[in-house]
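This briefing is for a reader meeting the structure for the first time. Please look over the sequence and the model before reading on.

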Amino acid sequence: VVTKSEVRDAVNAQDQMLRSEFQNDPARYQREVANLRATALDSLIDRELVLAEFKRLGASIKTQWVDDDVNGIIRESFKGDRDAFVKELAKNGMTLKKFREMREKMMIVSAMRGKQATTETPATPKEVEEYYKKNIDKWRSGGMIKISTITVPKFSGEAGTTPEGQRKLAEEIRRKVIGGADFATTAKTYSQDSHAEDGGAWDWMPRDEMKPSIAAVAFGLKQGGISSVIEEEGTYIIIACDAIKYGSAKPMSEGRQEIERAIQMEKSKGTLDKWMDGLRKRSVIKKFGY
């Protein structure tokens, strides 16, 4: 059984880790927490399936490993101050004992998943070449792009508006553009950024001077392409690629190790997904409202 309190405790425990990891990026922290809450129940169900498999195999984990893991968190995130760590846990109704039990389960799941991932064969030369060609934009540098944007704030200042409602508005605006509406005219009507009066148009920009998350979306478009609605801090943004100049790509040989790691990760994910599907099919899972 996975109880409501276990879901809450799991979210609270991970929230502590995320708060520490993204303390200098509040927007990223909020996105990660929202995703954590949305997937917490299914993640705990999968965890229980893996733990049951671990028990079925008669495996065990050393107590010292768990102690070292918890002490590492205290050392890195709380400068070795155990009392400060315990007080932080207490703020969310979490005890050190309960936190330790959760970390032990996470370590078991990680070890079981790692065991499945190690069964994959290394990337072949053909796979490396195909991956390089398919993702060649990742290896480019010095590119420039000319974009137009439509920006919809999460909070417009008008009474009754919500982030959910503003996202729906942004999605509706995008549908109009995809359906043939003129991007510049639509930007002048709806966009709320400094480029709205110019139809959302920006001057040429080098990739390395753009915000990485925006650049990744923009350079992933073909000329004339329209992005999906993306979330950036307090806004929703639609990007149009007006023109693009691709930079030169470094040789495949220079990125071979990185490519091989990426291929290995893709293979491992496929193996893990298949393994988890097998565990789910061998189990009876019932969800009740909470």
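Predicted model: local features only at pLDDT ≥ 70, side-chain atom pairs only at ≥ 80, totals over all residues.

In which sense do β4 and β5 pair, and over how many bridges? The two strands pair in the antiparallel sense, over three bridges.

- Four strands form an open sheet in the order β3-β2-β5-β4, and their pairing is antiparallel.
- The edges are taken by β3 (205-206) and β4 (230-232), each of which pairs on one side only.

- Strand β2 (residues 144-153) runs antiparallel to β3, and two bridges join them.
- On this side of the sheet, Ile 145 is found opposite Met 205 in β3.
- The antiparallel pairing of β2 with β5 extends over 10 bridges.
- Here Lys 146 lies opposite Ala 243 in β5.
- For Ile 230, the bridge partner in β5 is Ile 237.
- β4 and β5 form a hairpin with two residues between the strands, and Glu 233 in this hairpin has a positive phi near 50 degrees.
- Strand β5 (residues 235-245) has eight of its 11 residues buried, so the rest of the structure largely encloses it.

**Helices α3 and α5**

- Helix α3 (residues 63-77) packs against helix α5 (residues 96-117) at an angle of about 115 degrees, and their axes are 10 Å apart.
- That angle makes α3 roughly perpendicular to α5.
- The crossing of α3 and α5 is right-handed.
- From α3, the contact involves Thr 63, Trp 65, Val 66, Asp 67, Asp 69, Val 70 and Ile 73; from α5, it involves Leu 96, Phe 99, Arg 100, Arg 103, Glu 104 and Met 107.
- Of the residues in this contact of α3 with α5, seven are nonpolar, one is polar and five are charged.

**Helices α7 and α8**

- Helix α7 (residues 163-178) and helix α8 (residues 183-190) pack with their axes 10 Å apart, at an angle of about 160 degrees.
- The two helices, α7 and α8, are therefore roughly antiparallel to each other.
- α7 and α8 cross in a right-handed sense.
- Ile 173, Lys 176 and Val 177 of α7 meet Phe 183, Thr 186 and Tyr 190 of α8.
- The residues in the contact of α7 with α8 comprise four nonpolar, one polar and one charged.

Key: Residues numbered from 1 in each chain as written. Heavy atoms only, no water. Axes fitted to C-alpha atoms, helices over the stretch in contact; angles between N-to-C directions. Parallel < 35°, antiparallel > 145°, perpendicular 65-115°, else oblique. Left-handed = near helix turned anticlockwise from the far one by under 90°. Contact = heavy atoms within 4.5 Å. Nonpolar A, V, L, I, M, F, W, Y, C, P; charged D, E, K, R; others polar. Pairing = 2+ DSSP bridges. Buried < 20%, exposed > 50% of the residue type's maximum accessible area, 1.4 Å probe, protein only.
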